[in-house]
Every structure is written in structure tokens, then in C-alpha cells.
Amino acid sequence: MALEYDLVILGGGTGGYVAAIRASQLGLKTAIVEKGKLGGTCLHQGCIPSKALLRSAEVYATTKHSEDFGIITSDVSVDFGKVQARKNKIIDQLHKGVEHLMKQGKIDVYEGLGRILGPSIFSPMPGTISVEMNNGSENEMLLPKNVIVATGSRPRTLPDLEIDGEFVMSSDEALQLETLPGSIIIVGGGVIGIEWASMLSDFGVEVTVIEYADRIIPTEDKEISKEMQRLMKKKGIKLVTSAKVLPETLVKDNGVTISAEVKGTLKEFKAEKLLVSVGRQANVEGIGLDNTEIQVEKGFIVTNEFFQTKESHIYAIGDVIGGLQLAHVASHEGIVAVEHIAGKDPSPFDYNLVSRCIYSNPEVSSVGITEDQAKEKGHKVKVGKFSFRAIGKALVFGESDGFVKIISDEATNDILGVHMIGPHVTDMITEAGLAMVLDATAWEIAHTIHPHPTLSEAIGEAALAVDGKAIHN
Ligand SMILES: Cc1cc2nc3c(=O)[nH]c(=O)nc-3n(C[C@H](O)[C@H](O)[C@H](O)COP(=O)(O)OP(=O)(O)OC[C@H]3O[C@@H](n4cnc5c(N)ncnc54)[C@H](O)[C@@H]3O)c2cc1C
């Protein structure tokens with residue numbers, strides 16, 4: 001028997017489950033169809049497991065240098081089994097939390113593979129969803145008034161560079177490693193590649209990063225990339241930029257050997273393992289899009305600003321629509337979509353106000369545009385920069401590399417972008433995000449009293465530096 005709903009969400013990742021909770025708050029009868037586990041990539045293969053491993057790596061690296069703090073330790077070593085067990089425990093706890101939230105919101109969860117059957121002449125009702133149940137029981141038929149596609153993404157690889165899970169891995173396999181390799185080649189120096197490079201290097205693995213662009217983390221401000229490059233090299237990571245990996249040269253024999261064309265010269269690299277981290281591809285296949293008018297461009301579902309597809313009652317959110325593939329973006333898109341379905345007239349999402357974070361050691365965070373982008377857009381800019389070296393709390397922490405950079409428009413004093421690299425900057429970027437939401441100027445940030453001693457003083461000083469007034473410069 002078909003079951004009727006106001007809303008059925010395909011995919012219970014961060015985007016899908018947050019949308020379901022908002023829908024339940026708004027009184028919509030809601031169901032989620034999830035073929036894997038509630039929490040999706042972020043909880044099981046992304047944000048949470050990678051940050052748990054990064055934290056263990058950071059503790060190990062700090063403990064190795066504990067003498068700097070006057071603490072004498074001996075025989076510091078990594079028990080990677082325990083590191084993984086800690087990570088799995090955190091995931092389990094959060095997974096139970098999401099299951100509880102579904103029960104609390106009276107959201108029906110169907111464990112199985114969902115597919116859109118209509119609108120089409122074969123469909124009993126536009127938007128019907130069939131669910132091939134994981135437990136093998138008869139397919140369920142769901143009849144929703146609205147659908148949200150939140151099927152997420154999966155790791156991409158290079159043509160002919162096949163992931164075998166043993167020598168060649170994506171982040172999915174790397175997260176399940178039972179032992180640490182002695183050495184690794186990471187193909188791709190973007191956000192995920194640099195987080196892995198930093199973490200593995202802190203665990204004592206010999207790391208080589210091969211990046212196609214002329215700098216690592218190429219979407220960040222150039223000065224941030226440059227500082228990251230310096231600090232990654234200081235850790236002992238080998239960075240090879242402007243390099244095109246040649247998958248056809250891959251040899252697997254007790255490890256991997258692969259060549260890359262680096263600025264016109266062929267170079268060979270060897271390591272125990274190879275991690276491919278060249279982006280993520282949307283899950284648009286096998287979900288019944290052919291039964292609809294929904295458009296897919298460059299592999300991603302196309303939507304309007306309220307996340308409606310060409311079928312106005314079918315919405316799409318999160319990694320499956322591309323753009324900034326981040327958990328907090330997916331969940332916010334889900335909230336906007338649900339509020340639109342419920343007739344609440346939500347404001348469209350301003351992507352310029354989304355904070356972006358890299359949880360490497362040191363961390364990176366940013367909001368708004370880079371200095372180059374500001375100039376390309378025709379802004380005359382004023383830039384304020386302040387180093388953590390002059391911040392007491394950073395010295396107390398023993399982590400004083402990095403800086404805060406604020407880019408402001410010379411004519412209007414609008415803040416165009418804020419970029420940070422250094423200790424705990426992922427926890428500090430929200431101040432800059434809030435300032436941009438409230439249309440604050442650098443003067444207003446500077447006149448928000450930053451307590452002493454805190455790392456946030458670097459933001460206050462960078463704001464003063466925009467007009468040449470930094471105190472501790
Ligand atoms: C290693 C790594 C680290 C990351 N770190 C961060 C971070 O620190 N911060 C951050 O903001 N983002 C991070 N991300 C990105 C983040 O994980 C994603 O942006 C986020 O998970 C996207 O959410 P989503 O709901 O769109 O998709 P997903 O989380 O991918 O969820 C989609 C869900 O849909 C299910 N599904 C797919 N097809 C079907 C179907 N036909 N029927 C039923 N179910 C289906 C899948 O099983 C999955 O559970 C990271 C990603 C990776 C890989």
C-alpha cells in the first residue's frame with residue numbers, strides 16, 4: 001500500500017536529516033529514505049572521522065614536543081587501533097543522536113534505495129518514490145506532495161587511476177586504514193588533500209603532495225596558500241605543484257610508483273600508498289532523474305535559488321547540486337528548501353557569507369572573497385594583516401605561526417573578505433562571518449573589545465591594521 005507524505009527526502013546525510021527536522025518543526029508529515037546510514041558522508045566518511053583522526057595526530061605531535069612546555073615524556077608512540085576506535089566511538093555516539101532526533105521529530109526513516117518514479121506516464125502520481133528496502137522486504141511506495149533530493153556525493157578519481165582500496169585509496173578507504181603506512185603520495189592539494197597531508201605527517205608518515213595548480217589550496221587567498229606551503233614544508237611534507245599526474249605510469253608492487261609531468265619534466269614518485277583526493281562527484285545516477293524533467297549540468301542537479309528543480313515540487317540540496325560542498329551549506333540549503341515548501345518565504349542563501357574551514361595543523365578559515373577576486377571585481381582595497389607572533393595567547397599555546405587578513409573596500413569600508421591561518425582559526429571565523437552578515441566595517445570589528453589574552457585579539461588588531469592603526473605591530 002502506498003504511503004502519503006507532505007515531504008519525502010532522498011538521502012539522510014547532513015542536508016537531508018536537517019531538512020527533515022525543520023520540516024517536522026513546521027508540521028509537515030515527513031519521511032527520509034536512506035540507503036546507508038543516517039548522517040551520510042559528513043558523519044561516516046567526512047567531517048567527523050577526519051577531524052577525530054586529525055585531533056589524535058595533533059595530540060601525538062604536541063606530545064612529541066612536550067619538552068617545549070616543560071613536560072618530560074618518554075616512549076611516545078601511536079596505537080593506531082586505539083586512534084581508530086576513538087574515532088568510531090565518536091561516530092557511533094553522533095549516529096545514535098541523529099536516530100534519536102528522527103524519532104523525536106516523528107520522522108519516518110526507510111532504510112533502502114530510493115528512486116523517483118514520476119512524473120511520467122508510468123507513474124501513479126507525480127513524484128512517487130519507490131524504496132528498494134535494505135532488508136529485502138517488498139518495495140515500499142511513497143506518495144509525497146514534495147520531494148527533496150539530497151543524495152550527496154562520492155569520491156572522484158582521475159581517468160584510469162582506479163581506486164583498489166589497497167594501494168590506491170580515496171578518503172573513504174583511508175579512513176578505514178588499520179595501520180599507518182610509512183609513506184604516502186597524495187594526489188590533490190585541495191582542502192581534503194591538505195587535511196590528510198597534515199594529519200599523516202603529524203603521525204610521522206612521509207608525505208608527498210602532488211597538485212595540478214601552481215599552489216596548494218588554490219581557492220584560498222594567495223597569501224594564505226603561500227603561508228600554508230611554508231608551514232607544510234616546515235613539517236617535512238614534500239609539495240609538488242604545477243604537476244600533472246600520469247595514471248598510465250602507475251606501477252603497484254609492494255607499494256606504488258607513479259610519474260607526473262612537473263613544469264615540462266617527467267618525475268617519478270614512490271610510496272607505500274597513494275591517496276587520490278581530486279574532488280567529489282554528485283550521486284545523480286540511479287535515482288530516477290530520467291523519469292523527470294530535472295536538469296543535470298556538469299554532473300550536478302540544477303536548481304533555482306530556493307532549490308527547486310525543473311519539477312517545481314522536487315527540490316535538490318547539498319553536494320548533489322555542487323557549489324560549496326560543505327556540511328553547513330547542505331543543511332542550510334535544506335532549511336531554505338523546506339521553508340519554501342511550507343510557504344514561509346525564506347531569504348535566498350548568500351554563498352558569499354559562508355565560512356570555509358580547513359582543519360589541518362595549522363588551520364585555515366575564510367569568508368568572503370580573496371584579495372585577487374576583490375581587485376578583479378574592480379574594488380580598490382585596503383588590507384589589514386596581523387601575525388599571531390605578536391599575540392600572547394598564541395605564544396602561550398606554543399603555536400604562533402600564521403596571521404589574520406582583512407580585506408576592505410577603500411570607498412565604502414565594506415568588509416570584502418577575511419582570511420586566517422593559524423591556531424584554532426576555524427573556531428574564530430564566525431566573528432568575521434557575523435560581521436559580514438551585519439554589514440559591519442573593520443572599524444566596528446576593531447571597536448568590539450577582544451578580551452586579553454585570546455587568539456581573537458588577532459582579528460581586532462587586523463581590523464585596526466586596515467586603517468594603519470594596529471597597536472602591537
Ligand atoms: C574526507 C572529508 C572531509 C570532510 N570534511 C568536512 C568538514 O570538515 N566540514 C564540512 O563542512 N564538510 C566536510 N566535508 C564535506 C561534507 O561531508 C559534505 O559536504 C556533506 O556531507 C554533504 O551533505 P549531503 O547531505 O549533501 O550529502 P551526504 O552527506 O553525502 O549524504 C547523502 C546521503 O544520501 C544517501 N543516498 C544516496 N543515494 C541514495 C538513494 N538513492 N536512496 C537513499 N539514500 C541515498 C547516502 O547514503 C548518504 O547517506 C568532508 C567530506 C569529506 C569526504
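**Figure 1. His 424 sits in the loop between β23 (415-422) and α11.** This is a predicted model. The phi angle of His 424 is near 55°. That is a positive value in a residue other than glycine. Most residues other than glycine have a negative phi. His 424 has a relative accessible area of 34%, so it counts as partly exposed.

**Figure 2. Lys 106 also has a positive phi.** Its phi is near 55°, and the residue is not a glycine. Lys 106 is found in the loop between α4 (80-104) and β3 (108-116). Is Lys 106 buried or exposed? With a relative accessible area of 70%, Lys 106 is exposed.

**Figure 3. A cis peptide bond joins Asn 361 to Pro 362.** The omega angle of this bond is near 10°. Pro 362 belongs to the loop between β19 (356-358) and β20 (363-368). Most peptide bonds are trans.

**Figure 4. A cis peptide bond also runs from His 452 to Pro 453.** Here omega is near -5°. Where does Pro 453 lie? Pro 453 is in the loop between α12 and α13 (457-465).

**Figure 5. Lys 51 and Glu 195 form a salt bridge.** Side chains of opposite charge can pair when their charged atoms come close. In this pair, N and O are 2.9 Å apart. Lys 51 is in helix α3 (residues 47-64). Glu 195 is in helix α6 (residues 191-202). Lys 51 has a relative accessibility of 25%, so it counts as partly exposed. Glu 195 has a relative accessible area of 7%, so it is buried.

**Figure 6. Arg 230 pairs with Glu 227 in a salt bridge.** The closest N and O atoms are 3.1 Å apart. How are the two residues placed in helix α7 (residues 222-235)? Arg 230 and Glu 227 are three residues apart there, so about one helical turn separates them. Glu 227 is buried, because its relative accessible area is 11% and the cut-off for buried is under 20%. Arg 230 has 35% relative accessibility and counts as partly exposed.

**Figure 7. Arg 230 also meets Asp 401 in a salt bridge.** The N to O distance is 3.3 Å. Arg 230 is in helix α7, while Asp 401 is in the loop between α10 (392-397) and β22 (403-409). The pair therefore ties together parts that are 171 residues apart in sequence. Asp 401 is partly exposed, with a relative accessible area of 23%.

Figure 8. A search of the whole structure finds 20 salt bridges.

**Figure 9. Lysines form a positive surface patch.** The patch is made by Lys 233, Lys 238, Lys 263 and Lys 267. One of them, Lys 263, lies in the loop between β12 (256-262) and β13 (265-271). Why does Lys 263 count as exposed? Its relative accessibility is 63%, and exposed means over 50%.

**Figure 10. Leu 434, Val 437 and Leu 438 make a nonpolar surface patch.** The patch covers about 310 Å². Leu 438 is located in the loop between α11 (429-437) and α12 (442-446). Leu 438 is exposed, with a relative accessible area of 62%.

Figure 11. How many helices and strands does the chain have? It has 13 helices and 23 strands. The radius of gyration is 24 Å, close to the 23 Å that the globule rule gives for 473 residues. The chain is therefore as compact as a globular protein of that length. Its C-alpha atoms fill a box of roughly 70 × 60 × 45 Å, taken along the principal axes. Buried residues make up 52% of the chain's 473 residues.

Technical notes: Residues numbered from 1 in each chain as written. Predicted model: local features only at pLDDT ≥ 70, side-chain atom pairs only at ≥ 80, totals over all residues. Heavy atoms only, no water. Patch = residues over 30% accessible without salt bridge, like charges linked within 9 Å, V, L, I, M, F, W, Y side chains within 5 Å. Areas by Shrake-Rupley, 256 points an atom, 1.4 Å probe, with all protein chains shown as cover. Salt bridge = Lys/Arg side-chain N within 4 Å of Asp/Glu carboxyl O. Lys, Arg positive; Asp, Glu negative; His and termini not counted. Charge placed at Lys NZ, Arg CZ, Asp CG, Glu CD. Helix = DSSP H or I, 4+ residues; strand = E, 2+ residues; numbered from the N terminus. Buried < 20%, exposed > 50% of the residue type's maximum accessible area, 1.4 Å probe, protein only. Rg over C-alpha atoms; globule rule 2.2 N^0.38 Å.
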